Amino acid sequence: MTSKFITLEGMDGAGKSTHIANIISALEARGHEVVSTREPGGTVLGERLRELLLHEPMHAETETLLMFAARREHIAQVIQPALASGAYVLSDRFTDATYAYQAGAKGVEIDKIRTLETWVQGALQPDVTLLFDVPVEVSMQRLLQAREPDKFERENAEFFTKIRQMYLQRAAENPTRFRVIDANQPLEMVSQSVLAVISTL
Ligand code: TYD
């Protein structure tokens with residue numbers, strides 16, 4: 001069985017969601033069963049927590065704990081069963097987002113996140129993480145054109161700069177897992193970069 005756990009990451013407005021359908025098609029064309037999911041969310045309870053997380057103001061540590069609560073449920077109900085059945089799991093965000101947003105941008109201590117990561121995930125880590133990277137001005141410009149922004153999308157340039165720095169730091173620390181996609185290119189070229197990564201899996 002050739003299961004794989006693939007995650008997509010990047011700042012709001014980096015454009016990762018645009019590529020999900022293409023990634024699923026490319027993997028299915030290669031004969032894989034694909035389970036596509038997202039965080040926060042992915043389960044009935046997780047989607048209810050997502051509503052709170054995206055719209056209710058709360059302490060950054062409360063936010064961190066709720067992200068991991070949703071993640072625990074997601075792993076138990078969706079990710080582990082799918083991987084055990086031999087499927088490819090494609091998750092729109094996972095724990096790197098907690099490092100980037102709650103630690104990088106909101107100042108939660110990294111050690112606390114590491115403790116929760118070990119508790120909730122054990123040895124589970126993504127096999128591959130595609131990081132959609134764009135300059136902060138570009139992501140903010142894209143967000144301005146988007147629909148009604150959520151709590152995170154209303155933040156300022158300093159917040160997004162910290163997110164981008166933490167993502168790039170994590171990519172540098174985990175070079176075999178991360179594939180950094182330059183998402184500041186025409187859509188067609190970003191798609192080609194994404195498909196090139198998928199073809200190497
Ligand atoms: P996002 O994935 O961008 O969905 P959409 O495209 O529908 O806006 O939204 C999820 C938000 O949650 C995003 O702003 C990042 C944030 N988030 C965290 O702050 N920490 C986390 O651990 C996760 C998974 C997401």
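The protein has eight helices and five strands. This is a predicted model. Read from the N terminus, the elements follow the order β-α-β-α-α-β-α-α-β-α-α-β-α.

The overall dimensions come next. A compact globule with 201 residues would have a radius of gyration near 17 Å, and the 16 Å of the protein agrees with that. Taken along the principal axes, the box filled by the C-alpha atoms is roughly 45 × 40 × 30 Å.

The table lists values that describe the whole protein.

| Property of the protein | Value |
|---|---|
| Share of the 201 residues that count as buried | 49% |
| Share of contacts joining residues at least 24 apart, among contacts between residues at least 6 apart in sequence | 79% |
| Accessible surface | about 9,600 Å² |
| Share of the accessible surface that belongs to carbon and sulfur atoms | 53% |

As for charge, the protein carries 21 positive and 27 negative charges.

Asp-133 lies in strand β4, which covers residues 128-133. Is Asp-133 buried or exposed? Its relative accessibility is 13%, so Asp-133 counts as buried, the cut-off for buried being under 20%. Leaving aside residues up to four places away in sequence, Asp-133 touches Arg-164 and Leu-168, and also Val-180, Ile-181, Asp-182, Ala-183 and Asn-184.

Technical notes: Residues numbered from 1 in each chain as written. Predicted model: local features only at pLDDT ≥ 70, side-chain atom pairs only at ≥ 80, totals over all residues. Heavy atoms only, no water. Helix = DSSP H or I, 4+ residues; strand = E, 2+ residues; numbered from the N terminus. Buried < 20%, exposed > 50% of the residue type's maximum accessible area, 1.4 Å probe, protein only. Contact = heavy atoms within 4.5 Å. Rg over C-alpha atoms; globule rule 2.2 N^0.38 Å. Areas by Shrake-Rupley, 256 points an atom, 1.4 Å probe, with all protein chains shown as cover. Lys, Arg positive; Asp, Glu negative; His and termini not counted. Charge placed at Lys NZ, Arg CZ, Asp CG, Glu CD.
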